[in-house]
Structure formats: structure tokens, C-alpha cells
Amino acid sequence: MAARSGRPRAFLRMRTLAGQVFLLQVAIVVLLVTAAVAALVLQSRADSEREARNRSVAVAETFANAPGIQAALEGPDPTAVLQPKAEAARKGSGVDFVVVLSRDAIRFTHPLPDRIGKRFVGDVGPALKGEVVTERINGTIGPLVQAVVPVFGSDGKVIGLVSAGITISRVSGVVEEQYVLLFGSAAGILLLTTAGTALVSRRLRRQTHGLGPAEMTRMYEHHDAVLHSVREGVLIVGGDGRLLLANDEARRLLGLPADVEGRAVTDLGLDPATTRLLASGRVATDEVHSVGDRLLAVSQRTTDRDGGPPGSVTTLRDTTELQALSGKADVARQRLKLLYDAGTEIGTVLDVVRTCEELADFATTRFADYATVDVSENVLRGEEPTVVQAINEMRRTAFSGARQDAQLFPLGSVLRFMPETVTGAALLRGEAVLDTDLASMRGWQKVSPDRAERLLEYGFHSMIAVPLRARGLILGVAMFWRAENPQHFEDEDLSVAEELVARAAVSIDNARRYSREHAVAVTLQRSLLPRGLPEQSAIDAAYRYLPAQAGQGGLGGVGGDWFDIIPLPGARVALVVGDVVGHGLHAAATMGRLRTAVHNFSSLDLPPDELLWHLDELVARIDQDESTEDSGNAVTGATCLYAIYDPASGRCTMARAGHLQPVIIGPDGTAAFATVPGGPPLGLGGMPFETLDVQLAEDSRLVLYTDGLVEDRNRDIDEGLELLRTTLDGHPGRTPEETCEAVIDALVPGRAQDDVALLIGRTRRLTAENVAEWDVPSDPAAVSEVRSEVSGTLTAWNLVEEAFTTELILSELVTNSIRYATGPIRVRLVRDRALICEVSDRSSTSPHLRQAATTDEGGRGLFLVAQLAERWGTRYTDDGGKVIWTEQPLPGDDL
């Protein structure tokens with residue numbers, strides 16, 4: 001080669017690979033710089049025109065909407081008023097002209113006064129229709145962009161036009177001033193990249209030793225042909241531990257992918273011994289390594305001798321003469337893989353029965369023909385097993401096998417392993433039993449001799465029984481049988497079975513302990529939820545509560561969902577549904593606190609928005625009371641929906657705090673979501689809650705629910721809401737119970753992944769004959785008339801015995817309203833489960849019960865009412881007034 005022989009070489013001939021790369025890179029750099037400069041120039045021109053359009057439109061619209069423009073156009077001399085303003089606007093905005101036009105396109109203003117009164121040059125048709133027009137024209141001052149905008153009168157019609165324009169040269173002048181800097185920068189970049197390319201080419205020339213492409217191609221082809229033709233695997237590993245080269249035979253022997261070069265040898269997925277050898281780079285000669293199903297003879301040498309690069313070269317040979325030894329290695333590998341797979345397929349859920357089934361199914365597919373798992377009764381209940389119960393009361397929990405007609409005990413059977421048998425004694429000691437020949441009858445048949453005979457006739461010939469042990473306790477026993485497979489169990493099979501069962505026993509014990517804790521939490525939660533529906537006449541109600549199923553892919557554990565039906569004074573009823581975020585005992589306990597708080601606040605007869613406000617304050621205080629060291633117990637979120645229904649008027653008032661919208665089903669079966677104003681979840685504070693008042697006809701149904709009903713990991717919440725609505729729609733004849741069943745079947749067909757609370761109430765209305773109302777004038781003489789009306793009404797209701805007490809109660813309440821209140825006074829009697837008396841007025845002052853002194857002339861009226869009535873209280877109305885109510889018990893035959 002010329003360079004190495006000392007002959008001069010012309011630079012431009014570029015016969016070497018490095019020279020050719022240099023020319024190619026320089027050409028690419030020149031093309032890229034040229035294209036970038038051209039793109040910048042074109043972009044600057046486009047930006048200039050766009051900027052001209054934006055500025056002309058902005059100036060024209062601003063001037064058209066300026067104060068006084070409309071009045072000037074409608075005045076006698078628009079030019080006198082608008083010419084100075086237009087010139088001021090032109091100079092201030094930097095445009096070339098601002099022209100005001102009449103509807104006939106006659107100029108009222110212009111920078112050149114001699115053009116005022118002449119016709120405007122441009123398209124004004126769209127502007128007269130109320131649109132903005134922009135256009136590019138070649139004017140006397142050069143290429144420009146002008147905009148025409150309409151000026152609207154007070155009646156909304158176009159009374160004039162405003163045009164503003166600017167030459168493109170004025171806008172693009174700033175960019176063009178930067179061309180010198182732009183081209184200078186491009187030249188500098190070209191020089192820098194050319195210099196960098198020269199340095200790279202120089203380094204490439206040194207690495208290729210000045211060889212040309214043809215010479216390098218010939219060397220590579222010869223090298224590649226020799227490397228991949230030999231029937232011996234070759235690996236070259238660099239000094240950094242990465243694979244530099246692997247020939248075809250090495251890829252075949254090691255099962256390497258095509259893109260393996262460049263990876264670290266520790267990431268090739270080889271067996272540990274081979275990996276350690278390749279990573280160490282040590283000298284080795286014919287070492288035997290098991291790689292997959294092959295035994296390879298491996299030799300390795302370093303490459304850094306005589307000044308070579310650091311690294312090593314390894315050769316591999318497939319030694320077929322060692323196949324006998326590789327057979328045992330394959331068996332060991334398969335058993336290790338079996339145990340690994342068992343760890344991933346057994347214990348996937350926290351459920352005792354399901355884990356036992358997974359153990360039986362895995363064993364029959366990989367290890368035995370039939371498998372059974374018997375578990376202590378205590379374990380199935382989540383309790384700690386005892387040694388005696390472990391062998392005396394075992395229930396067959398799982399069975400798996402090729403045929404279902406095997407003569408083994410069926411599922412659900414109770415088995416008792418007698419201590420005097422070999423199997424029973426071994427189970428008591430916690431030891432496994434291997435019976436390689438069942439026909440020898442070594443004592444296993446004593447549990448059921450008749451069934452043992454049938455098993456032998458069926459073909460069962462060997463068995464392994466392994467106790468399920470965890471933390472020193474015997475949870476049950478797993479038994480493996482062979483019948484179809486003629487090969488009997490061996491000692492090596494026993495060790496595999498023991499390891500397999502030991503891993504499964506840990507999962508079963510974890511599931512047992514979780515089931516016990518889950519049962520405790522569910523018991524606590526159910527004790528905090530309503531155990532029945534209270535007696536009331538406002539609605540027919542039905543409900544469903546489904547806790548999240550632990551270990552079924554859901555959230556697991558109990559949650560904070562709750563519902564409630566609370567009877568209120570005046571035959572009204574409150575419906576409540578809420579949800580505390582999270583699961584576990586803390587969520588259930590918080591739910592209980594909130595449910596109790598709702599009961600307490602409802603006893604104050606608060607409207608829904610005020611009740612939620614108080615509940616929001618309570619949740620905020622609960623969060624503040626939680627110590628910083630136990631911040632995980634804070635209420636991270638809670639939602640609630642509170643509704644009050646009055647059967648006398650059919651009015652339903654609802655408010656919600658972060659909860660989902662309820663569904664209202666009309667008497668005709670039409671279902672629709674109620675648009676209750678949304679409020680923030682409880683505990684956030686800062687925003688008031690709003691209410692929705694709706695009038696419900698009789699036999700309407702109000703559906704309240706939590707998000708677990710409509711939200712699912714495989715279903716979007718919007719899809720769930722639409723599915724709920726379609727399920728409820730079009731079934732006017734369903735009872736609340738039937739509606740609950742239909743909703744649960746449609747939306748929760750399997751086990752609930754989150755807690756589900758569903759409450760459905762069908763409205764009733766009080767009949768007119770059970771309600772009596774009177775307006776009472778603010779006159780003490782009207783009290784006697786009220787007493788007379790009450791007496792007549794109670795006589796008609798067959799409540800003569802209650803007349804005297806009722807007259808006395810209403811006399812005191814009406815007299816108190818006449819004396820202390822203002823505005824109209826109204827009396828209402830309601831015959832429901834109790835006799836309800838209500839006196840309403842416009843005063844917001846609530847009466848207080850007090851003990852009058854012996855010298856006081858008054859103050860005993862409310863005390864007397866409290867003694868005569870079973871319950872009494874006060875609630876406030878939306879118009880700023882109040883209602884004082886009392887309840888008196890009625891005989892059972894009057895209900």
C-alpha cells in the first residue's frame with residue numbers, strides 16, 4: 001500500500017476508506033447547512049407575512065371598537081373627528097395606514113389628505129356582512145397586507161368600516177437585518193463540522209491502517225468464511241466483559257439470539273458455571289459444562305499476550321459421548337423447574353380452598369395422576385388447628401385427576417386418619433409417607449377397607465402422603481396417587497412432593513390467617529351497618545351490601561361503604577349512602593363514626609346541605625386528631641349522599657359530597673340520573689354544599705349506591721353508569737327487592753372487587769284523609785276555633801280519646817306562636833304511625849324548655865307540651881320560619 005511504502009499520495013484521490021468517509025461527511029454537512037439556511041429564510045418570509053396580517057387585524061379591530069367611533073360615523077362630519085384619531089393610531093401602532101370608510105367604501109380618513117373622499121381599493125364585501133377581511137396587495141408603497149373590519153351600530157348593523165395595513169418590508173426588516181449574522185453562523189458551523197470530520201477521518205485512517213474499501217471487504221469475507229465454516233463454537237469477549245463476536249456454531253450450541261454482540265456475558269442467560277468462566281477470562285482446557293440439554297467441552301485463552309487487546313477467546317465442542325451423564329442433569333433441571341413453576345402457580349389468591357385446588361391441579365399436570373388435599377375443619381374456619389383435630393377431622397377440600405369416577409373419597413367428605421396406622425402415625429409426627437406398592441396393604445387401607453379394594457381394582461399402585469405443615473402446625477395432608485402412569489413413585493419423587501407441599505402449606509396458612517382477619521373485619525363492619533329496616537311509612541325500601549372479596553383480584557378486605565334509612569319527624573324519612581376511601585378495620589371504624597354522626601345530625605332535623613357541612617367539619621377534625629406518627633389512619637377521603645323525602649308533599653331534597661348521582665325511576669319506569677349539585681368530598685372544606693329539590697310522584701323509586709357498583713377494573717365508570725341506567729329503565733312493575741336483584745345480577749355478576757352498597761326506596765304518599773291543615777289568624781280568639789277543628793278531625797279519625805291531649809298541645813303551641821311570632825300561622829295534623837301535630841310560623845326563634853318558678857305567671861306551656869307528647873322538636877324552613885312538632889303514640893288498631 002502506497003501510504004505504508006512511503007510513496008506520496010494525492011489527497012483528492014481518496015482511495016482509502018477514511019478519505020471517502022471524509023468527503024461524504026463534508027458533503028452531508030454542506031447540504032444540511034444550506035438546507036437549514038434556506039428553511040430559515042423561507043420561514044422568516046412566512047412569519048413576516050403572518051405578523052403583518054395579525055398586526056393589521058389587531059389595529060383595525062382595536063380602532064373599530066374604540067369609544068366614539070360609532071358616534072363619529074353617525075355624526076355630520078366623520079372626517080373632522082376621525083382623521084386625527086386615525087393618524088394617532090397609525091403612528092402609535094406602527095402600521096402604514098389606518099383608514100375609516102363609509103358603507104360605500106368612501107374614505108373618511110387617510111394619511112394623505114388628498115385621498116380622503118375617494119373610493120377605497122380592496123374587497124369590502126365580506127366586511128359589510130360583519131366579517132373580517134385580510135388580503136395581500138401590491139400598493140403604491142409596495143407589497144402590503146391590509147385588513148378590513150366592520151363597525152357595528154347600536155342596533156347590531158354595520159355602519160362603517162375600518163382598514164389598517166402594513167407593508168411586508170416593515171415587518172421583515174428586523175429579520176433581514178439578521179441575515180449577516182445568520183450566514184456568518186452557518187459559515188462558522190460549516191468550518192467547525194469540517195474540522196471535526198477531518199479529525200474523525202484521521203482516527204478512522206489510523207484504525208483501518210490506510211486500507212481501501214476493496215481491501216477491507218476481501219479481508220472481512222475471508223475472516224467471515226473461516227469463522228462460520230468451522231464446526232466448533234467460537235466466542236470473543238472483550239476486556240469489559242462484553243461479547244464481541246460469536247460464530248454460528250456458538251450461537252447454536254448456546255441458543256444465543258442474533259443480536260447478542262455487545263451484551264455483557266452475565267446477561268446471556270447461560271448457566272452460572274459457564275457465565276463465571278466467560279466473565280473471569282481465565283485459561284481453561286476442555287472443561288465440561290452443561291448448557292441446556294448439551295454437555296460442552298469448553299476451552300479458553302486470553303488475547304492480551306504479545307501486546308494484543310484485552311479479552312479472551314473461547315471455543316466450544318459438543319461432546320456426545322457424555323449423553324449418559326447429561327440425562328441425570330436433565331432430570332434434576334426438570335425437577336427444579338417444577339418447583340419454580342409451583343411457586344408461581346400455587347397460592348395466587350388468599351383463599352384456602354382455592355389454594356388447595358391449585359396444589360391438586362398442579363400436581364396432576366406435572367407429577368401425579370390423581371391428587372387430593374384434606375384440610376382440618378379449623379383451618380377452613382380460619383382457626384388454629386390442634387394436633388388431634390388435624391388427623392381426626394379433615395375435610396376433603398380439593399380433588400384433581402384424569403377421571404372423575406375414581407374411587408377416592410369425594411369432595412366434602414370428612415376423613416379420620418387413625419394414629420395406629422402407618423399414615424396416621426407419620427402425620428402425627430409431621431412426616432411424609434411413601435408407599436411404592438399399595439397392593440401390599442401396609443395399613444393405609446384401614447381407613448376404608450372396601451374403598452381400598454376398589455382403588456386397587458381401579459389400578460392405583462403407589463401413593464405419597466405429605467402433611468401440610470406451617471409454623472409447626474399440621475394444617476392437613478396432601479396425597480398423590482398414580483394409576484395410569486405405570487412407573488411407581490420413588491424416593492426422589494418423595495423429596496419433590498415434600499418440597500412442593502411445603503411451599504403450598506405456607507400459602508394455605510397465609511390464606512387461613514387472612515381469612516380469619518377478614519372475617520373479624522367483616523363482622524365488625526356488619527355490626528356497624530343497619531341490621532334491618534326501621535319502621536316508617538314514607539317508602540318501601542330494599543338494600544344490598546356486598547363486601548369486597550379478599551384474594552379475588554379485587555381490593556380485598558372490608559371497606560367503608562354504608563347506607564342508612566332514618567325516620568324523621570313529620571312522617572318524613574332520610575336516605576343516606578356513603579363511602580370512606582380505603583379498606584380494613586380503620587375504614588370500617590371510620591364508617592361507623594360517620595354513620596353515628598349522621599344519626600346525631602339528623603336528630604337535629606337539619607336540611608341536607610347543613611348536615612353535610614357539619615359532617616365535613618367532623619371529618620376535618622378527625623384528620624386533625626390523628627397523630628403525625630400514625631398518619632396512615634387519617635381519613636384520606638369520604639363521600640356521602642343525603643336525601644330527605646316528605647310523603648305528605650312528595651318533595652325530596654338531596655345534597656351530595658363527592659358522591660355519584662342518584663337515579664330516579666318514575667312511575668312509568670323511566671330511569672334518569674338526578675342532577676344533584678356536586679360538592680367536594682368530606683374533609684376538604686372551603687366550599688358550601690347545594691341541594692336539589694324534586695317532586696316525586698307516588699311509586700317513584702330513588703336509587704342510591706356507591707362506586708363499587710358501577711366501577712370495575714375492566715369497565716369504565718361511564719360504562720357502568722349507563723349499564724345501571726339501562727338496567728333500571730323500563731320496568732315499572734318491579735318491587736324494590738326485584739330491582740336490587742336485577743341490578744346486582746347485571747353489574748356484579750361475580751364476586752365484588754370493591755364494596756357495594758345499594759339502597760332503593762319506592763315512594764308512598766299520605767292520603768288526603770290522613771292530613772288536616774288550617775291557617776290560623778294572629779288573634780288569641782282563634783285558639784278556640786283551632787281546638788274545635790282539631791276535635792272534629794280526631795272524631796272523624798276515630799281518635800276521640802286523643803282529642804283532649806291534642807287540643808291542649810295545639811292550644812299551647814298556637815298561643816305561643818301568636819304571642820311571640822310574626823306572619824301567618826299554620827297548623828297541620830298527620831295520622832301516620834303516630835299522631836303528628838305541627839305548628840309553623842315565620843319566626844326563626846326556637847322555643848326553649850325551662851322550669852318555671854312558683855311565682856311565675858307563665859313559662860309552663862312548653863313544659864306541659866313535653867310532658868304530654870312522646871317526642872317534640874323544632875325544624876327550620878326555607879322561608880326563614882320554623883315548625884314546632886310533636887308526636888303522640890296511637891293504639892295499634894288505628895294504624
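## Close-up views of a predicted model

View 1. Which residues of H22 are buried? They are Ala-782, Val-783, Val-786, Val-790, Thr-793 and Leu-794. These residues lie on the same side of H22, because they cover an arc of only 110° around the axis. Look at the face turned away from that buried side, and you will find the exposed residues Ser-784, Glu-785, Ser-788 and Ala-796.

**View 2. Helix H22 from end to end.** H22 runs over residues 782–796, which makes 15 residues. After H22 comes Asn-798, and the phi of Asn-798 is positive, near 65°.

**View 3. Helices H20 and H21 packed together.** Here helix H20 (residues 717–728) packs with helix H21 (residues 736–747) at an angle of about 145°. Their axes are 10 Å apart, and the crossing of H20 past H21 is right-handed. Where the two helices meet, H20 brings Gly-720, Leu-723, Leu-724, Thr-727 and Leu-728, while H21 brings Thr-739, Ala-742, Val-743, Ala-746 and Leu-747. How many residues of this contact are nonpolar, polar or charged? The contact of H20 with H21 has 7 nonpolar residues, 3 polar ones and no charged ones.

**View 4. Leu-253 in helix H9.** Leu-253 belongs to helix H9, which covers residues 248–254. Is Leu-253 buried or exposed? With a relative accessible area of 2%, Leu-253 is under the 20% cut-off, so it counts as buried. Setting aside neighbours within four places in sequence, Leu-253 is in contact with Gly-233, Val-291, Arg-294, Leu-296, Leu-316 and Asp-318. To compare sequence and space, take Leu-253 and Asp-293: they are 40 residues apart in sequence, and their C-alpha atoms are 9.6 Å apart.

**View 5. Arg-251 in helix H9.** Arg-251 is also found in helix H9. Its relative accessible area is 17%, and Arg-251 is therefore buried, since buried means under 20%. What does Arg-251 touch, not counting residues up to four places away in sequence? Arg-251 touches Ala-246, Leu-256, Pro-257, Ala-258, Val-260 and Glu-261.

Conventions:
Residues numbered from 1 in each chain as written. Predicted model: local features only at pLDDT ≥ 70, side-chain atom pairs only at ≥ 80, totals over all residues. Heavy atoms only, no water. Helix = DSSP H or I, 4+ residues; strand = E, 2+ residues; numbered from the N terminus. Expected span 1.5 Å × (residues − 1). Buried < 20%, exposed > 50% of the residue type's maximum accessible area, 1.4 Å probe, protein only. Arc of directions from axis to C-beta. Contact = heavy atoms within 4.5 Å. Axes fitted to C-alpha atoms, helices over the stretch in contact; angles between N-to-C directions. Left-handed = near helix turned anticlockwise from the far one by under 90°. Nonpolar A, V, L, I, M, F, W, Y, C, P; charged D, E, K, R; others polar.
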